[in-house]
Amino acid sequence: MVSSLNVIDVSRVTPSDSSESLTLPLTFFDLIWYKLHPVERVIFYRLTDATRPFFDSVIVPNLKSSLSSSLSHYLPLAGKIVWDSLDQKPTLVYSQNDAVSFTIAESKADFSLLTGNKPFPTTGLYPLVPELRTTDESASVVSFQVTLFPNQGFCVGVAAHHAVLDGKTTTMFLKSWAYTCKLQQDQTVNAPLPQDLTPIYDRTVIKDPNDIETEVMNHWKSKLEIISDGNVKSLKILPTPEPSPDVVRFTLDLTREDIQTLRERLKRESSASSSPKELRLSTFVVTFSYAFTCLVRARGGDPKRPVGYVFSVDCRSLLDPPIPSNYFGNCLSASFNMKLTAETFMGEEGFLNAARMVSDSVEELDETVAFNIPKIFAAYPSLPPGAQLISASGSTRFGVYGLDFGWGKPERVAIVSIDQGEVISMADGRDGIGGVELGFSLKKHEMDNLIDLLPEGLKI
């Protein structure tokens with residue numbers, strides 16, 4: 001796929017009200033991510049009125065001015081991560097006149113292909129994602145790119161540093177930006193930001209009685225001594241392998257009826273099994289278990305090979321006392337199960353086996369998951385060679401298809417960074433009535449197998 005991207009302009013957008021400075025310490029939830037690849041999203045909007053003059057005179061000015069207004073509520077996004085020589089860990093600092101990078105571009109790519117339900121080369125999304133600048137001395141927090149597809153639509157690309165933003169915080173900001181942009185076009189001025197979109201910066205709500213922070217930083221020190229020059233204080237993101245050129249993307253849209261079909265199948269199979277047990281068949285358990293099973297089967301190979309899964313856990317509601325839902329920053333841990341083999345999921349009860357395990361993992365979640373972070377962090381380097389570790393990115397609860405900047409809801413929301421490993425992207429369905437969107441990025445031969453497998457379980 002030819003990217004044919006033309007960069008029109010790269011500018012800096014400052015918060016509209018930036019009279020104060022702000023310093024935020026990074027918590028142990030943040031420090032896990034400080035060297036890792038940013039989370040990259042592209043949000044597509046279909047708009048046949050999107051001519052170059054309309055783009056230049058209406059879309060870009062509205063997005064840019066509303067971004068400036070929104071940043072005044074989210075000052076840290078315009079700041080930088082820095083590490084003072086006397087400090088034990090990096091800090092997030094916003095100073096007056098700090099800004100975010102804002103790129104404007106035009107693409108000749110096929111908008112319908114990038115937003116449709118047919119596989120396409122993953123490289124087709126890369127030009128739509130802005131660069132996030134990181135150096136040894138500092139790291140930007142977020143950058144944006146708005147790209148026009150003439151007479152087809154436009155997209156908003158976001159690269160977000162995971163040491164500052166988890167998915168919930170990123171989505172909260174994007175909703176705030178969209179809310180402000182839409183009001184601006186409706187000529188509703190000075191409307192206050194809704195409480196659920198107003199961030200809370202109080203770091204004292206994150207307790208660390210076991211000094212997890214020190215354990216996390218010690219893990220990083222040990223890891224960096226092996227894989228790099230050992231400079232723990234460098235804020236440059238670790239390099240990631242270039243994805244193979246034959247990697248393709250595919251999105252599966254599951255309707256509420258599809259999910260119910262899978263749920264009923266699990267109930268039948270569980271009741272008929274030798275060890276019937278009531279399962280927690282939430283939308284997440286059903287859809288992640290199904291995608292996981294299909295991915296293991298699509299890989300094929302040695303049935304004795306090690307496989308496992310990991311999924312993020314939002315700790316806000318699990319901690320005691322709970323963390324406010326509009327807390328700004330990371331509040332994620334993970335559920336991790338690696339002691340599995342492929343043959344468990346290749347037989348007739350493969351889907352049921354996966355659902356039992358994922359159901360148990362979810363049932364076991366409590367506040368201790370937050371304090372298991374060092375154990376989870378340490379487990380990754382010890383994965384057996386050739387292991388297939390499948391993870392989930394995103395959430396079906398973020399409401400990303402409600403991101404209306406004034407030109408309608410998105411046509412497609414893609415998490416580009418799922419190409420960094422075997423990751424399933426998960427989002428609420430565009431239909432808004434209980435569907436789920438699953439995104440995959442695989443080598444073409446595995447993707448062909450997966451696309452053949454996915455419809456099988458949906459047959460009644």
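**Figure 1. Helix α7 and the glycine that follows.** Just after α7, G300 adopts a positive phi of about 65°. The model shown here is predicted, so local features are reported where pLDDT is at least 70, side-chain atom pairs count only at pLDDT 80 or more, and totals for chains, interfaces and linings use all residues. Residues are numbered from 1 along each chain as its sequence is written, and side-chain values use heavy atoms, with hydrogens and water left out. Helices (H or I, at least four residues) and strands (E, at least two) are DSSP runs, numbered from the N terminus. Helix α7 has 17 residues and reaches 24 Å from its first C-alpha to its last, close to the 24 Å expected at 1.5 Å a residue; that expected span is 1.5 Å times one less than the number of residues. Because 13 of its 17 residues are buried, α7 is largely enclosed by the rest of the structure. Buried means under 20% relative accessible area, with a 1.4 Å probe and protein chains only.

**Figure 2. Helix α8 and its packing partners.** Helix α8 (residues 350-363) has 14 residues and spans 20 Å from first C-alpha to last, close to the 20 Å expected at 1.5 Å a residue. Eleven of the 14 residues are buried, leaving α8 mostly covered. Among the buried ones are F351, L352, R356 and V362. Which elements do the buried residues of α8 pack against? They pack against α6 (256-272), α7 (283-299), β12 (306-314) and β13 (332-341).

Figure 3. E446 is found in helix α11 (residues 444-453). Is E446 buried or exposed? With a relative accessible area of 10%, E446 is buried. Its side chain makes a polar contact with the side chain of R299, at 3.2 Å. A polar contact is a pair of N or O atoms within 3.5 Å; within protein, one must be able to donate a hydrogen and the other to accept it, and residues adjacent in sequence count only if both atoms are side-chain atoms. Setting aside neighbours within four places in sequence, E446 is in contact with A298, R299 and E422, where contact means heavy atoms within 4.5 Å.

Figure 4. Six strands form an open sheet in the order β1-β6-β9-β10-β3-β15, with mixed pairing; two strands pair if DSSP finds at least two bridges between them. The edge strands, β1 (5-13) and β15, each pair on one side only. From one strand to the next, the twist averages 15°. Helix α2 (residues 52-71) lies across β1, β6 (100-107), β9 and β10 (153-160), running at about 160° to β6. Axes are lines fitted to C-alpha atoms, for helices over the stretch in contact, and angles run from 0 to 180 degrees between N-to-C directions.

Figure 5. Strands β3 and β15 run antiparallel and are joined by four bridges. V42 has A414 as its bridge partner in β15, and F44 has R412. From β15 (residues 412-415), R412 and A414 point one way, V413 and I415 point the other way, and all are buried.

**Figure 6. Aromatic pairs.** Rings of Phe, Tyr and Trp (its six-membered ring) pair if their centres lie within 6.5 Å; planes under 30 degrees apart count as stacked, over 60 as edge-to-face and the rest as tilted. By this rule the count comes to 26 aromatic pairs. One of them is the edge-to-face pair of F44 and F111, with 5.8 Å centre to centre and 80° between the planes. This pair links distant parts of the chain, as F44 in strand β3 (residues 39-46) and F111 in helix α3 (residues 111-115) are 67 residues apart. F44 counts as buried at 0% relative accessibility, and F111 is buried with a relative accessible area of 0%. F144 and F173 form a tilted pair, 6.1 Å centre to centre with 40° between the planes. Here too distant parts of the chain are linked: F144 lies in strand β9 (residues 142-149) and F173 in helix α4 (residues 167-185), 29 residues apart. Both F144 and F173 are buried. Ring pairs also link a cluster that includes F144, F173, W177 and W407.

Conventions:
Buried < 20%, exposed > 50% of the residue type's maximum accessible area, 1.4 Å probe, protein only.
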